[in-house]
Amino acid sequence: MISIQQAIYGDNIGYTLLASSFSRSDIPRRLCNSTDLMDRPPGTTLSEPIIRGFCKNGYYLLIKSFPDHSPGVRKGRIFSHVLIIEKEDYLKIQDITQLVPLLFDKIDKTAKLKPIDLQPQNRSASQGTVSGQIAGAINGMVNHLDFDNTIIWIGEEGYFDWISHIWPNLPDTVKVKTRIGGAFDPKKIDATFLNLKFIPARFEMNWLRTRFKLIGSNCNENMDSQTANILAGNRESSAALQSLIKEFSLEVPEIDDLRVLETIVPTYQDLINIKDLKQLYHFVHYVTQYNPNPQSASSAKKTLVQLITNCIAEANAEEINALVGPDWSGFSKAKSALLDALIKWLEKYLL
């Protein structure tokens, strides 16, 4: 069970906190400016409610902002209902779209706000095929650096289906720096975050000259990488990469790390037959990089070291010299096993 706090913000001689479910007002007041709508439509006036979500100051904020036409409120002002979740609890939520129905349907400035107790759905990673449109968005996520960390969904229809589908499969570190929801002005995009945004279709022309990947309704792509299939939850099509990660207990903090590990999947799939020591050294280096604890996955690591020591018996001098290249620190007792194999090689070829 996690606790979700609520707050409402609106016009009261400036944009300010109107009420909250917190016992003290210092936290929601400190978050006030972050809930204002800095990114506005052309003309600066919001015409329809917009949802946004991001982490700020140790909290996750899911915000629904409404255009406020109440009597006495200045033109262009907004009203925002915000769900505020501590970061630790936020990461327990497997599908962030589960919270969307908890947001207000309309402006209510007299609402009596109470904390919401939520039982996160114990949802497994999504499975099955996805539409060509969602596949295109996921491919964009895999190659996010090529698109300034920004994938733009045109129109809102289908957008939250995409977010719901990928959310259980994202590493926690990616979730913390991911911003979701509506956007209007491409100049307001902060590319230091991973932006998974939607824009009203009528503003598409304003985004055509950006480097961002635009996902329209006519997008129809296939996913041709295991990384994309992991993000999509397609277990069968990403089985080898998932098996590699599980067997060696590899930590994968970023999407880019999945891409790196995918490059050594062919080596992993043919480990017992590989005699090329340089290829095995390359594999060792990445295992240590993503699992530096020598006590973790000890059985798999021991088997790998044994395969290498077997190959050393027939190694050439160049391969022997290359023994110092990999980082062996993630492998328990690897140095003693390698030393024994090296002594035997020296006795055979030099003595």
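These legends describe close-up views of one predicted model. Residues are numbered from 1 along each chain as its sequence is written, and side-chain values use heavy atoms, with hydrogens and water left out. Because the model is predicted, local features need pLDDT of at least 70 and side-chain atom pairs count only at pLDDT 80 or more, while totals for chains, interfaces and linings use all residues.

**View 1**
Strand E1 covers residues 2-11. Helices (H or I, at least four residues) and strands (E, at least two) are DSSP runs, numbered from the N terminus. Of the 10 residues of E1, 9 are buried, so the strand is largely enclosed by the rest of the structure. Buried means under 20% relative accessible area, exposed means over 50%, and partly exposed lies in between (1.4 Å probe, protein chains only). Two strands pair if DSSP finds at least two bridges between them. E1 pairs with strand E5 (residues 78-86) in the antiparallel sense over 5 bridges, and tyrosine 9 has serine 80 of E5 as its bridge partner. Strand E6 (residues 116-118) is joined to E1 by 3 bridges, also antiparallel; here isoleucine 4 stands opposite isoleucine 116.

**View 1. The hairpin of E1 and E2.**
Strand E2 (residues 15-20) is antiparallel to E1, and 5 bridges pair them. Glycine 10 stands opposite threonine 16 in E2. The hairpin has 3 residues between the strands, and isoleucine 13 takes a positive phi near 55 degrees.

**View 2. Arginine 52, a buried charge without a salt bridge.**
Arginine 52 lies in strand E3 (residues 50-56). Arginine 52 is buried and has no salt bridge. A salt bridge is a side-chain nitrogen of Lys or Arg within 4 Å of a carboxyl oxygen of Asp or Glu. Lys and Arg count as positive and Asp and Glu as negative; His and the chain ends are not counted. The nearest side chain of opposite charge to arginine 52 is aspartate 36, 6.6 Å away. The side chain of arginine 52 does reach the backbone oxygen of aspartate 36, at 3.3 Å. Residues that arginine 52 touches include Ser34, Leu61, Ser80 and Gly181, with residues up to four places away in sequence not counted. Contact means heavy atoms within 4.5 Å.

**View 3. The pair of arginine 40 and aspartate 36.**
Aspartate 36 forms a salt bridge with arginine 40, and their closest N and O atoms are 3.7 Å apart. Aspartate 36 is buried, with a relative accessible area of 16%, whereas arginine 40 counts as partly exposed at 24% relative accessibility. The structure holds 12 salt bridges.

**View 4. Aspartate 68 and lysine 109.**
A salt bridge joins the side chains of lysine 109 and aspartate 68 (2.8 Å, N to O). The pair links distant parts of the chain, 41 residues apart: lysine 109 is in the loop between helix H3 (87-90) and E6, and aspartate 68 is in the loop between strand E4 (59-67) and E5. Lysine 109 is partly exposed, with a relative accessible area of 33%. Aspartate 68 counts as buried at 3% relative accessibility. Leaving aside neighbours within four places in sequence, aspartate 68 is in contact with residues including Val73, Arg77, Phe79 and Ile107.

The side chains of glutamate 314 and lysine 348 meet in a salt bridge at 3.4 Å, N to O. Glutamate 314 is in the loop between helix H12 (298-312) and helix H13 (317-321), and lysine 348 is in helix H14 (residues 334-349), 34 residues apart. Both glutamate 314 and lysine 348 are exposed.

**View 5. The nonpolar cores.**
A nonpolar core is a set of buried Ala, Val, Leu, Ile, Met, Phe, Trp, Tyr and Cys residues joined through side-chain atoms within 4.5 Å. The largest has 102 residues, and Trp162, Leu244 and Ile308 have the most contacts inside it. Helix H11 (residues 277-290) gives the largest share of this core, 8 residues. Another core lies apart from it, with 7 residues, among them Ile152, Ala183, Ile189 and Phe212. Tryptophan 162 is in contact with residues including Ile134, Met141, Trp153 and Leu196, leaving aside neighbours within four places in sequence.

Technical notes: Polar contact = N/O pair within 3.5 Å; in protein donor to acceptor, adjacent residues only side chain to side chain.
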